[in-house]
Every structure is written in C-alpha cells, then in structure tokens.
Amino acid sequence: MKLFRAVLFCMTSAAIAHASVTHTSFGTLPSGAAVEIYTLKSPAVEIRVMTYGARVVSLATKDRDGKMGDVVLGYANIEGYLGDTKTYFGSVPGRYANRIALGKFTLDGKQYQIPINNAPNALHGGPDGFASRNWTAKEIPNGVEFTLISPDGDQGFPGKMTAHVRYTLEGSTVRIVYSATSDKPTVVNLTNHSYFNLGGEASGTILNEKLTLDADQYTPIDATSIPLGQLAPVAGTPFDFTKPESVGARIGADDVQLKNGSGYDHNLVLRGKSGELRPAAKVYDATSGRVLSVETTEPGVQFYSGNFLDGTLTGISGVKYVQHSGLCLETQHFPDSPNRPNFPSTELKPGQTYHSETTWTFTTEK
Ligand code: BGC
C-alpha cells in the first residue's frame, strides 16, 4: 500500500512538473537595502519576481510553436522601477488596491485619511503603498513567499498589518496567494498589477487580443473613476465580454463610461461565489496562439486597458510602451468599498485572516 502511494505520488508530481527556484541580486534601493529577484522555472513558464513591491518582473511562456516570450511589461533593472511611480508594473498594490474616494473612510466611528495621490482620490494605498516597499523573501516549495509588516498608521490606515504574498509555479500555472492579519480593525484589498501582452511585451498593443470576462455586471464610475454605487448590466454595452471580443473593437465607442475611464478602467462583477476559486477572465492572442486563463476567489476584476501608457517609458527589451501596450486584470474587491456598505466588505478585524487567491494558466490555441 505504501509503495503504491509512493508511486502514485511520484506520478502525480511528475505530471504537475514542479518548478525550480533560484534567486540573485536585483540591485539596491537608495536606502542601501538589497533587492532580491527569484526565478521560478517549469518546462512551460519562467517567472521572475522581486522583493521590491513583490513585483512580477518578467513572465516567459510558450507560443503555439513552443517559442518562449515575455508576456508582461517591465524594466531591465531596479532603476527603471524606481523612476516610475505611476504604472505599478507587476506590483502588489496595497494596503488598498484601486481607489478610495477622497482618500477618506470611517471605521467604527473614526475617520481616516489616506494621502491623495490620484486627485481627488487615494489610489493603490497612497503615494508610499505596498508597491514601493521592499518585502522580505523566503523560498517555499515551487516558489517564494514575500512578507511585509506595515505599521499602525502606515499611509493613514489603522492597525499594524502583516501581509504575505506567495508566488508558486506548477506546470503552466502561476498561483498567487495573499494573506494578511491586523492588530486593529482595518481595511485591505490586495491584487497583482501585471500588464499582460500575450504577443510579447515588445509586440505593440493589445487591441487585437480577444478577451472573455465571466461577468454580467460592472460598477460604472464617475469622472474621477469612483464607482457610482450601482451594479449595472454589461449586456448591450461595450463592457459585455461574456463572449470573446477583441479589446479594441468598442474601445473608441461614444460611451460615457469609456470616456470616464479614458478606455477600459472598470471593475467587473464576477459570477459565482466570492471566496471560491472560479474562472474570471480569458485572453487569447491569435498571432502567437497564447492563451491566459485567470481564476480567482475575489468578487471583482479591474479590467484596465493600459490607457495612460504614453510612449515615454522604455521597457525591459528597449521598446517604448505606447498606449494600450498591455492590459491588467486586477482581481480585487470593488473600488471604494470602505465607503460602500452595499459592496462586499473589505474590513479585516483582529483575529481574522484575509485570504485571496488568483491563478494564471498559460496554454496555446491554433
Ligand atoms: C487603475 C488605473 C491606473 C492604473 C495605474 C489601475 O488599477 O484603475 O486608473 O491608471 O492602475 O496606476
């Protein structure tokens, strides 16, 4: 029986194709702190993640002919990341990913103010959020766990928070597991802000990539990108990606919501039960044949079509990133939830553990 189990275990592990994990230096921060970069490698995928911002730096996957290509936007060195406070390439924004209206919220009768960094709102946890922190790293089976301790009052948020982000690679699947605890009631919303371009990071725009979103509703926004409050049906609007549609097909439509976001920059309400890992999105690039399938435990996903890239940033392979060079699928709780009692709650109480999980699976199609 024991032998049978051992054989079965070996067969299953071989089928999953475990990843090799190595690490090296990725330079130093102005403070002198060392930045480490971890490479997780399987036969199908090679992903590099670093301690600064718990960021994905590169992610190579196979095209339909088996040729590897980097499918996320990023920089060649730490200086590139330090010189860019706007795009959040590959990072884990926090403590609150996306926007909090006017940077204000009330918890247990007390008002908190997060510094405004996307006037008039707070974006991605304020100007010195988790994306610009040097996390500590620990190797784990098939990957790496990053840890950050955020002190009480950090960027205005109450409670000392301990946050963990685990990246692991199994075969063609990258798994990201987020967890957090706090010693006082607080709010939390973590995501990954990778910009995907399945044609390759230097291949131009994502406008021809075909997107499917497992969402029948979305949260319309005002001119400052704050949700208006209601969940609106996507049916009959440019936000209907329930069937595969190219990103560019309707992006220029005369639609007030697209104008408010300067393109797609909206939270889609995912079908199914929040807390359960279920399909969220699929992207297909006909040129390379690459397919990305996203699953998540989160209730929403911010679909952002790289509207504010403007050709001024030079990427990892020397190519300038023009508008729509990449698209983000930020699995998340809805924007401005701390001010929206009708949205799923982002409160975290002492004794509770925040848990969130997202997977990216890379395959190819003809
Ligand atoms: C936001 C965009 C913002 C981008 C980069 C996205 O999550 O929704 O409005 O430009 O992040 O900061």
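Trainee: In which loop does N192 lie?
Mentor: This is a predicted model, in which local features need pLDDT of at least 70, side-chain atom pairs count only at pLDDT 80 or more, and totals for chains, interfaces and linings use all residues. Residues are numbered from 1 along each chain as its sequence is written, and side-chain values use heavy atoms, with hydrogens and water left out. Strands are DSSP runs of E, at least two residues, and helices runs of H or I, at least four, numbered from the N terminus. N192 lies in the loop between β14 (186-187) and β15 (195-196).

Trainee: Is N192 buried or exposed?
Mentor: Buried means under 20% relative accessible area, exposed over 50% and partly exposed in between, with a 1.4 Å probe and protein chains only. Because its relative accessibility is 4%, N192 counts as buried.

Trainee: Which side chain is joined to that of N192 by a polar contact of 2.7 Å?
Mentor: A polar contact is a pair of N or O atoms within 3.5 Å; within protein, one must be able to donate a hydrogen and the other to accept it, and residues adjacent in sequence count only if both atoms are side-chain atoms. A polar atom of the N192 side chain lies 3.2 Å from the backbone oxygen of G90. The side chain joined at 2.7 Å is that of S194.

Trainee: How many charged residues are in the lining of the largest pocket?
Mentor: Ala, Val, Leu, Ile, Met, Phe, Trp, Tyr, Cys and Pro count as nonpolar, Asp, Glu, Lys and Arg as charged, and the others, Gly among them, as polar. The lining of the largest pocket divides into 15 nonpolar and 16 polar residues, and the charged ones number seven.
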